[in-house]
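Let's take a walk through this structure together. Have the sequence and the 3D view at hand as you read.

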Amino acid sequence: MSHPIELKNVVKTYGEFRAVDNVSFSVPAGTVCGFLGPNGAGKTTCIRMILDILRPTSGSISILGTPRALDVRTRIGYLPEEKGLYKKMTATAIIAYFAMLKGVPSSKAKTTARELLERYGLGSFKDHKCEALSKGMGQKVQVLASIAHDPDLVILDEPFSGLDPVNQGVMEEVIRDIRAQGKTVLFSTHVMSHAERICERIVVINAGKLVFDGSVENARSLLPRRVRVRGTGVENALVNLPEVIQSGPSSDGRDDVLELRLEEGANPQNLLQTAFEKGVALEIFEVVDPNLHEVFVHLVGEEAREAAVR
Amino acid sequence: MMQIYRVAIREYLENVKTKGFWIGIFIFPVLIWMMIEIPKFLEEKGIPTRHVVIIDRSDGLGEIARERITLLNRKKVLTALQTHIAEATASQREEMMKDQNIDIGELLDQLEQGLDQLQRSDVEINPFDPTKLVEMGDLVPEEMLLNDGQWNILKKMVLNQLPEDAPPFEEPTPRFQEVALPPDISMSQTDQQIEEQLKGYLRGDQPYSTENGDVQLFAMVTIPARALEPGEDVRFWSSNLADTDLLDAILGALTEEAREREYARQGIESEAVAEIASLKVRSVNFDPNKSEGEEKVGIRDKIRQYAPIGFVYMLWVAIFSIAQMLLNNTIEEKSNRIIEVLLSSVTTNELLLGKVLGVAAVGVTMQIAWIGSLISILHLKAGPSATWVADIIAAVITPELLVGFVFYFIAGYFFYAFLFAGIGSICNTIKEAQNFMSPLMLLMMVPLATMTFIPSEPNGTIATTLSWIPPWTPFVMMNRMAANPPAVEVYGTALVLLVSVIFVFWASAKVFRIGVLRTGQPPKLFELLGWLKSERP
């Protein structure tokens, strides 16, 4: 199966409101795919539809080759956006329970639960009741509960929210481990740095519409590259070149550094060569690739702000 | 199936681990034990002898009052004697019951007939206490009790019934005891003056000195000179308004005396009056539902009519005890957002069924524990009486009744369980749930309120109407089962109930499906109806 998740023209309306508007994308097997979008973009609704918790108003969804997630539920791991645990159950019991609901025999479920807790640094809490765990620990327990049955496809809704930087690191490690086993991961977030570090692909939706679907490189190339320069006469020599579409002080706050935005597809090497030819003494020449954060703001910025104001 | 089972197992184990469950399990036997022990303790400790002052201004009416006191005291002795003998002969009686294979129903019928022949319709049968089916004091004629010589012979005769190894009988303290006026008060003072001076004693402000030491004065009875004439009242002073036994006895005796005197004045023979008064038209009751030749209605049938009350109570308590659990659990899952993970693993129907079955298992465990502790306490405490009561109940409960009870119990249970789970799924907090619960609780009060009068008119209009309303069908039909309601109603209401259980399950599953993913305010009623009509979300 080449694409564990495939959405075709999926629409979900609540009365007049189109929460998800004609979204199509697919996630190739064995990849980690970031599902990005501002708050209220429709990420959770999409995920719930993928899992057959909600039904799309129109369009079709295929998950692991079937339209009904429940038919393949034993092969799916799911961490919902709002996370909760039975307060009175122990960490081990709850992980084992969810694994058992996914068809794992009870003795194996308990062993796996203990192993997972040990591996991700919760070994000493395995017999603690969930109400005694901190929020971060609870969240880790939940993630472990969603993967304890060794699923082929893992869907994580906002796995990083509420975690401190150390635990965010652990979460990234969990996701990398899952991918290392050849599994497919779809996770939603609005923190771009995570996506940037662990994703191969990203899907961006905004106000219910798909605005981007492709590799992280493709996403970066959406924004022009920039070159930061400093040196005597650098302004005269470079600003008026045809590939430079904009110039101004550096966005990283260094007043004496000039930042030049290049037109799409322009090669920064040309600027370097021109500077040499014109005899400019360069002290700084940095090529800055746009980061995912900028791409994200570029893709959803205006509309998201409008939506927020509305 | 596996998912339902696993959800149910978790639900069961989690509930069984709670403190509430164990408190529920243990509070019941403790209550039962207290219900048995406390009256016993009070009886042993005894209501203390009540001390009475009698101011008699009449021509001998005071003597009549004193006779009554003697009568009450001797009846108390007889009751104590009866209990003592019953306890001493308990094992013998049990053996006899076993050996002779006595049909308890038959025995009760014979007893009733015997009393009927003696024309003692004033004697009541208590079928649930084999040691005291009738009070001995009710059977012995008053003249025999009032005559000291006969009384002593009677006592001796009864005591002779005791087996030789039996512990000696200790006579209980008298119920009432007359005391003389204090030395500083004399009968020559007016009634008002005496009453005024005695008030303090009656209020309990000061102890009343008698030859047997200080006591608490219970009452003062003033019998005026012409007490039997119209316009003259017996004056009764007491701080205790609840215990009217003494006053009732005295007034009853004086009324009788007044009548006797009036008969004499008008020249009517009092024997003739007594004979006339004892005339009584009697009836034999038949029930057309019973088989040919056995239509006669006996005491058994009367017990049968009331036996279902126990089952109605059981169902009610069962539903009541699971309601909170189902609500709490569903709300916990919902407010903790666990539900979403669950719904990615199990279908709504599986989850709902699993929860209800798991909680049902908790309820059944609790009930079995209760019944078990009830039986063992009764065996320990009440001894053979418990067997007797069990035998009576077994004698009156037919297989059809039992099948009916099981059916109504299960159907009623699921009806309410699905309802509660559905409500839990649309609420985020217990507080929100309370708003929905109050009308439901009112709904559930109806069977409790009607429970006592339905047996007296089991096929009346109210009973029939209530039977057709699904939330009440299980209770009301259980109540009516013993009265052989028409088959149309039995099968009709059962069908309606089954259909409603399925409907409630379907509706709850639907509401559950939408409700559990919803946050914020619980939906309005119209919105809920919309959910029912809607396809899946």
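## Before we start

Please keep in mind that this is a predicted model.

## An enclosed helix in chain A

The buried set runs through A:Ala91, A:Thr92, A:Ala93, A:Ile94, A:Ile95, A:Ala96, A:Tyr97, A:Phe98, A:Ala99, A:Met100 and A:Leu101.

And what do these buried residues pack against? Their partners come from both chains: α3 (106–119) and α4 (135–147) of chain A, together with α1 and α14 of chain B. Just after α2(A), you will find A:Gly103 with a positive phi of about 95°.

## Where the chains meet

Chain B brings 18 residues to the contact and chain A brings 22 residues. On the side of chain B that touches chain A, α1 (2–16) and α14 (338–345) of chain B each supply at least two residues. The most comes from α14(B), with six residues.

By class, this side of chain B has six nonpolar, five polar and seven charged residues.

## A covered strand in chain A

Next, have a look at strand β7 (residues 184–189) of chain A, which is mostly covered, with six of its six residues buried. In a regular strand, side chains alternate between the two faces of the sheet. Here both faces are covered: A:Thr184, A:Leu186 and A:Ser188 are buried on one side, and A:Val185, A:Phe187 and A:Thr189 are buried on the other.

Strand β3 (residues 32–36) of chain A pairs with β7(A) in the parallel sense over five bridges, and A:Leu36 stands opposite A:Thr189. Strand β6 (residues 153–157) of chain A also runs parallel to β7(A), joined to it by five bridges. In that pairing, A:Val154 has A:Val185 as its bridge partner. Between β6(A) and β7(A) the chain passes through helix α5 (residues 165–180) of chain A, and this β-α-β crossover is right-handed.

## An open sheet in chain B

Over in chain B, four strands form an open sheet in the order β2-β1-β5-β6, with mixed pairing. Its edge strands, β2 (176–178) and β6 (235–238) of chain B, each pair on one side only. On average, neighbouring strands of this sheet are turned by 25° against each other, direction ignored.

Within the sheet, strand β1 (residues 50–56) and strand β5 (residues 217–223) of chain B pair in the parallel sense over six bridges. B:Asp56 stands opposite B:Ile223 in β5(B). Helix α3 (residues 61–88) of chain B lies across β1, β2 and β5 of chain B, and runs at about 145° to β2(B).

## Two helices packed in chain B

Our last stop is a helix pair. Helix α13 (residues 308–335) and helix α18 (residues 430–450) of chain B pack at an angle of about 170°, their axes 12 Å apart. This angle makes α13(B) roughly antiparallel to α18(B).

Which residues of α13(B) and α18(B) meet? From α13(B) come B:Val312, B:Trp316, B:Leu327, B:Asn328 and B:Ile331, and they meet B:Ile430, B:Ala433, B:Pro447 and B:Leu448 of α18(B). Sorted by class, this contact has eight nonpolar, one polar and no charged residues.

How values were computed: Residues are numbered from 1 along each chain as its sequence is written. Chains are lettered from A and ligands numbered from 1 in the order in which they are written. This is a predicted model: local features need pLDDT of at least 70, side-chain atom pairs count only at pLDDT 80 or more; totals for chains, interfaces and linings use all residues. Axes are lines fitted to C-alpha atoms, for helices over the stretch in contact, and angles run from 0 to 180 degrees between N-to-C directions. Angles under 35 degrees count as roughly parallel, over 145 as roughly antiparallel, 65 to 115 as roughly perpendicular and the rest as oblique. Two residues are in contact if their C-beta atoms, placed from the backbone, lie within 7 Å. Ala, Val, Leu, Ile, Met, Phe, Trp, Tyr, Cys and Pro count as nonpolar, Asp, Glu, Lys and Arg as charged, and the others, Gly among them, as polar. Two strands pair if DSSP finds at least two bridges between them. A residue is buried if 20 or more other C-beta atoms lie within 10 Å of its own, exposed if 12 or fewer, and partly exposed in between; C-beta atoms are placed from the backbone. A crossover is right-handed if, with the strands pointing away from the viewer, the path from the first strand over the helix to the second runs clockwise.
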